[in-house]
Amino acid sequence: MHGGSPLEKTPLGKDAGRQALERARASLGKIILDKDQQIALALACLLARGHLLIEDLPGLGKTTLAQALAKVLGLSYRRIQFTSDLLPADIVGVSVFRRDTGNFEFQPGPIFAQLILADEVNRATPKAQSALLEAMEEHQVSVDGETRTLPIPFFVVATQNPADQIGTFPLPESQLDRFLMRLALGYPNAENERELITGEDRRSMLESVAPEMTAEILVTLQQDAAKAHMSEHLVDYIQALVRQTRESPDIEIGLSPRGAQALAAAARAHAFVERHSGVFPDDVQAVFAAVAGHRLKPAGDTSFRSPAEMCQHVLDSVAIP
Amino acid sequence: MARARGTDGSLLASLPWTLLALAFALLPHVPYLPAWITAALLTCAIWRYSIEVRRKPVPPALLRASLALACFIGVLYTYNTISGVGPGSALLAIMAALKLLETRQRRDQFVLLFIAIFLVMSSLLREQYLWSLPYLVIGVVLIMTAWLRTAADDLEPLRRSLGTSSRLVMYAAPLALAMWIFFPRIATPFWAIPIDTGTAVSGLSDTISPGDISALSKSDAVAFRVKFDGKVPEPQDRYWRGLVLHRFDGRTWSGISEPRISSGALRNLETLGEPVHYEVTLEPTRQHWVFALDIPYHWELDSTFLGPQHQLARVQPIDQRVAYRAVSYPDYRIDLELHPYRRGWYLEFPESRNPRTAELARSMRAAAASDAAFVRAVLTRFNEEAYYYTLEPPPLGSSPVDRFLFETQRGFCEHYASAFALMMRAAGIPARVVVGYQGGELNPMGDYMIVRQADAHAWNEVWLPGSGWRRVDPTAAVAPERVDAGRTGAMFDGSAAAWGLGAPSMLLHKLVLTWDAANAKWNEWVLGYGPENQERFMNWLGMDDPDWRQMMLTLVALVTGLTMLISLALMLRYRPPPRDRAAILYETFVRKSGLTPATGETPRVFAQRAQRESPLPATAVRSITDTYLDVRYGPPDAALLQRLESDIAAL
């Protein structure tokens with residue numbers, strides 16, 4: 001894919017991976033302005049082998065972020081625009097009859113890429129959504145009774161427009177759980193918006209941006225991130241947070257054990273991205289809203305304006321051991 | 001059924017602790033228990049442990065039941081009763097041994113530990129020594145540790161179990177102290193503990209036969225302690241009068257039973273010289289005799305009377321340590337007149353038993369000018385001829401005095417006293433044997449005198465017209481140092497070399513004296529805290545003439561207050577889960593910053609606030625926070641911890 005790239009000559013040492021990650025982060029920061037936190041979270045999500053759901057209004061840079069990630073990390077990239085008439089076969093691919101060979105030949109769908117942008121995922125029918133979510137879960141697809149493995153790494157960035165209500169099929173909670181994180185990008189500040197208006201077009205910037213690492217380096221980084229040191233105290237903290245989500249009268253459905261695992265994995269990856277000596281409480285707090293926000297269901301009579309506020313409420317009521 | 005009896009080795013970790021606690025609880029009982037019970041307990045402990053090791057089933061119920069029955073009968077057979085401290089603790093011990101055999105779960109171990117606590121407590125029913133307190137504390141800590149180790153799911157470090165149990169005992173200490181001070185003490189307790197009257201207590205008995213006192217001479221046990229108000233009497237005046245014996249059957253001397261009413265003997269006492277005032281703390285003897293310096297004049301002990309032979313006795317036996325004040329006159333004359341009936345008492349002896357002695361006495365009397373001269377002649381004979389004073393006299397047959405005087409010529413004080421009295425009687429001089437203690441060692445550590453069982457002594461009194469009963473000590477004629485320095489002194493002075501004892505034993509002796517002084521203080525302040533002392537203490541506290549209701553209320557209020565205080569202190573001290581060094585250091589840092597972190601505020605966020613709002617230098621705040629995060633949440637790093645410590649100390 002990247003034949004002739006200078007990266008292939010770079011030794012796959014630990015430091016090399018680390019430096020590549022730093023460069024990738026810096027490069028992303030140049031494209032997506034003033035979103036350091038979100039970039040760190042997206043990278044952490046990727047390093048934790050999770051999938052990312054970006055929920056925001058159109059025009060806030062969701063697509064740009066996904067594309068930039070693919071480009072900078074040197075991953076193969078495909079975009080699937082979810083519409084109401086999208087069929088599962090449009091995602092995973094179909095077997096077509098080849099007259100010259102007399103055989104059916106599999107035509108891989110867009111899912112066979114390392115980074116998938118599933119745009120406006122809530123506009124497709126549940127059937128099409130399921131095809132994507134199954135692929136995310138199983139890391140493989142079955143077509144015509146044949147199981148085909150998806151590439152490694154495999155990373156889905158799905159976007160969702162919260163303002164669209166008519167003719168949409170919002171993902172049910174059970175499926176939201178498949179995404180490690182849910183992010184919102186939000187508006188840029190005035191200064192950065194000015195930069196966006198006057199500066200170089202992001203699309204053309206993306207074309208000129210150079211990949212900073214390869215899929216192989218990313219896989220080693222993923223392995224390293226999973227090994228980030230987590231002290232007993234921090235496990236205590238995560239458990240206390242999870243317990244708080246379950247016991248708080250303001251929350252109807254708390255975090256499941258899978259949610260707790262997700263929180264730990266995301267915190268590890270975040271600590272790795274931030275180059276901490278171990279997982280700090282700050283890492284847990286940084287990923288908490290992104291990991292827990294879409295997994296928690298507030299109680300009916302509470303007045304949280306957003307999931308983020310609910311998550312902050314949980315963080316504010318648990319002491320750090 | 002067989003399945004249920006099986007063991008799976010799950011108790012392997014906690015069982016040794018339970019066994020250790022049980023063994024420790026049994027320790028003070030061992031000297032009193034029959035050997036078979038100790039052996040049974042040891043066997044059961046080893047048996048049960050090997051069952052656990054080999055994961056075998058515990059013995060079947062039928063076997064256990066028959067063993068229990070057999071042991072019960074065994075206790076009954078050994079003691080003839082099941083009530084009292086001895087049989088009670090024996091039953092408790094043997095049932096603990098059998099409970100071991102049906103211990104399958106942790107729950108059973110808790111029962112065993114309960115029994116251990118009862119065993120520890122019941123040892124106090126026998127005697128409360130100075131070492132009882134450390135023993136109690138260690139015992140309770142040990143049992144609690146075994147408890148914690150049984151209850152712990154995973155194996156927590158031993159240090160933590162020990163720490164927890166020590167802490168628990170420490171929390172309970174103020175409560176125990178308050179209860180000890182304020183629990184109403186009543187002169188006669190509501191309950192009476194049946195004391196084993198059968199168990200031997202070393203001390204004098206009611207009769208004296210050859211060998212009785214020499215058996216005592218090896219016992220270092222304390223007979224009583226004396227505190228003199230003023231000058232301490234000279235060694236030759238330290239005769240502690242106990243009982244007086246006048247009946248002789250040729251071998252054994254016996255006397256009248258203890259007086260139960262005042263005999264009026266004081267009327268026959270003529271005092272000369274200065275009185276001696278002193279206080280005696282008498283160890284339990286299970287006898288009635290009360291010891292006082294020759295010759296007692298006044299004493300302060302309830303239901304105690306002076307017998308016709310000037311011996312003191314209490315109506316109830318001395319089953320517990322008693323303290324009494326007394327006044328004695330070392331210089332005295334008694335019974336200037338001797339009633340003919342009484343005179344007969346002191347002249348009687350079985351003619352047939354020791355014929356050679358009687359014959360010798362008569363011929364010596366014939367040779368002497370007067371009674372007094374005859375007394376001197378006999379003493380001279382003891383002194384000049386080859387008579388020896390020994391702790392291990394050879395056995396004497398059915399004519400003990402004859403055999404002693406003419407054949408063995410080696411004896412202890414009772415041999416000399418017996419022979420002397422017999423010779424006097426044979427010559428027609430009224431004589432009797434007085435048994436008590438002679439000597440006593442001044443303890444420089446506590447400024448009091450210790451009289452030991454080893455100081456037990458027998459001497460004579462002879463009645464001479466015009467001077468009444470006069471004390472004569474034939475042992476002094478044979479071994480003057482015995483009387484001058486006391487047996488203990490003799491052992492450690494002149495004869496020390498002969499005994500093969502050198503300087504180390506002098507040091508040992510000093511240690512023994514120090515230990516005894518501590519014991520005396522313990523007796524005085526702790527065990528002596530009875531109704532009088534309590535009332536005095538209450539008065540001192542400002543409670544005038546408190547009745548037991550008032551004291552009970554005080555106690556309840558105090559215990560409630562203390563419990564609340566201790567709980568409050570614990571609540572204030574409580575910190576969630578185990579805190580490591582880094583957390584404690586960080587807390588110091590937070591305190592120094594003068595700010596309070598909000599719930600859920602991470603150290604980083606706090607540091608940003610501290611940089612703005614606290615007087616601490618911003619760079620220090622930042623570097624300390626970073627180091628703290630690395631130490632606490634990163635991989636273990638001792639060097640970093642040290643840096644954190646010095647950085648925080650430098651603030």
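This is a predicted model: local features need pLDDT of at least 70, side-chain atom pairs count only at pLDDT 80 or more; totals for chains, interfaces and linings use all residues.
How many salt bridges are counted between chain A and chain B? The count is zero, although the rule does find nine residue pairs in polar contact across the interface of chain A and chain B.

**The interface of chain A and chain B**

- Chain A and chain B bury about 1400 Å² between them, and 56% of this area lies on carbon and sulfur atoms.
- Of the area that chain A buries against chain B, 34% is supplied by A:H233, A:F280 and A:D282, which is more than any other three residues give.
- The contact draws 19 residues from chain A and 16 residues from chain B.
- On the side of chain A that touches chain B, the elements that give two or more residues are α10 (232–247), α12 (281–292) and α13 (307–316) of chain A, and the largest share, three residues, comes from α12(A).
- Sorted by class, this side of chain A has nine nonpolar, eight polar and two charged residues.

- A:D177 is found in chain A, in the loop between α6 (173–176) and β9 (181–183).
- The relative accessibility of A:D177 is 15%, and because buried means under 20%, A:D177 counts as buried.
- When residues up to four places away in sequence are not counted, A:D177 touches A:R258 and A:R295.
- The side chain of A:D177 is joined to the side chain of A:R258 by a polar contact of 2.7 Å, and to the side chain of A:R295 by a polar contact of 2.8 Å.

**An open sheet in chain B**

- In chain B, three strands form an open sheet in the order β7-β11-β10, and their pairing is antiparallel.
- The strands β7 (289–290) and β10 (304–306) of chain B stand at the edges with a single partner strand each, so one side of each is left without a neighbour in the sheet.
- Three bridges join β10(B) to the antiparallel strand β11 (residues 312–314) of chain B, and here B:F305 stands opposite B:A313 in β11(B).

**A hairpin in chain B**

- Strand β19 (residues 456–464) and strand β20 (residues 468–472) of chain B pair in the antiparallel sense over five bridges, and the bridge partner of B:N460 is B:V472 in β20(B).
- β19(B) and β20(B) form a hairpin that has three residues between the strands, and B:G466 in the turn has a positive phi of about 90°.

Note on methods
Residues are numbered from 1 along each chain as its sequence is written. Chains are lettered from A and ligands numbered from 1 in the order in which they are written. Side-chain values use heavy atoms; hydrogens and water are left out. Two strands pair if DSSP finds at least two bridges between them. Helices (H or I, at least four residues) and strands (E, at least two) are DSSP runs, numbered from the N terminus. Contact means heavy atoms within 4.5 Å. Buried area is the accessible area (1.4 Å probe) that two parts lose on being put together, summed over both. A salt bridge is a side-chain nitrogen of Lys or Arg within 4 Å of a carboxyl oxygen of Asp or Glu. A polar contact is a pair of N or O atoms within 3.5 Å; within protein, one must be able to donate a hydrogen and the other to accept it, and residues adjacent in sequence count only if both atoms are side-chain atoms. Ala, Val, Leu, Ile, Met, Phe, Trp, Tyr, Cys and Pro count as nonpolar, Asp, Glu, Lys and Arg as charged, and the others, Gly among them, as polar. Buried means under 20% relative accessible area, exposed over 50%, partly exposed in between (1.4 Å probe, protein chains only).
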